[in-house]
Amino acid sequence: MISRRTFLAQTAGLAAGFAAGRSWALAGPVVAAPLVTIYKSPTCGCCAKWVDHVKAAGFQTVVHDRENMEEVKDWLGVPKDVRSCHTAQVDRYLLEGHVPASDVQRLLRERPKLMGLAVPGMPASAPGMDEPGKPHEAYEVLAFQSSGATQSFAKH
């Protein structure tokens, strides 16, 4: 049985926390933003813009500039048919090219059984490629497996 003194002390502490605008006592554990590890060419401007896009969406990033991106893609096992300019890893997934951050968030929420997401090529309207005032160019985000099999994940 809890003593009256302990009960009052705990109640006062909880009330003080709420009064200070801190609901930490009832909140769940603090979850850090997902880390996205990005491999890109040091001279690629659109890749740098995609990094900014991912950061703006709340992801933490670590960027590795690499001269030989094909070597990185081979090492990570990115199928040749879905390759683009940069490659990233988030959780257990690969991201190839200009994948919108909203699709990455959906991927991490749904956790499907696949190797990753890709935007093959460099569509003009994809994040990092888009320019204000330019007409929208429709593009598709593909879900891919290590075998190279793909299916549509999103259309933009």
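Buried means under 20% relative accessible area, exposed over 50%, and partly exposed in between, with a 1.4 Å probe and protein chains only. This is a predicted model, in which local features need pLDDT of at least 70, side-chain atom pairs count only at pLDDT 80 or more, and totals for chains, interfaces and linings use all residues. Residues are numbered from 1 along each chain as its sequence is written, and side-chain values use heavy atoms, with hydrogens and water left out.

**Figure 1. The whole protein, from fold to surface.** Four helices and seven strands make up the secondary structure; helices (H or I, at least four residues) and strands (E, at least two) are DSSP runs, numbered from the N terminus. Follow the chain from the N terminus and the elements come in the order α-β-α-β-α-β-β-α-β-β-β. Of the 156 residues in the protein, 37% are buried. Among contacts (heavy atoms within 4.5 Å) with a separation of 6 or more, 51% are between residues 24 or more positions apart. The accessible surface comes to about 9,300 Å², and carbon and sulfur atoms hold 55% of it; areas come from the Shrake-Rupley method with a 1.4 Å probe, and for residues only the protein chains shown count as cover.

Figure 2. Side chains of opposite charge can pair when their charged atoms come close. Here a salt bridge is a side-chain nitrogen of Lys or Arg within 4 Å of a carboxyl oxygen of Asp or Glu, and the structure holds seven of them. In this view, Lys40 and Asp65 meet at 2.9 Å, N to O. Lys40 belongs to strand 1 (residues 35-40) and Asp65 to strand 2 (residues 60-65), so their pairing ties together parts 25 residues apart in sequence. Lys40 is buried at 8% relative accessible area, while Asp65 is partly exposed at 40%.

**Figure 3. Glu96 and Lys73 form a buried pair.** Their side chains meet in a salt bridge at 2.5 Å, N to O. This pair links distant parts of the chain, with Glu96 in strand 4 (residues 93-97) and Lys73 in helix 3 (residues 69-76), 23 residues apart. Glu96 has a relative accessibility of 0%, and Lys73 has a relative accessible area of 1%.

**Figure 4. Asp74 and Lys80 take part in a salt-bridge network.** The side chains of Asp74 and Lys80 meet at 3.5 Å, N to O. Asp74 is partly exposed, with 45% relative accessible area, and Lys80 is exposed at 61%. Look around this pair for Glu70 and Arg83, which are linked with Asp74 and Lys80 in the network.
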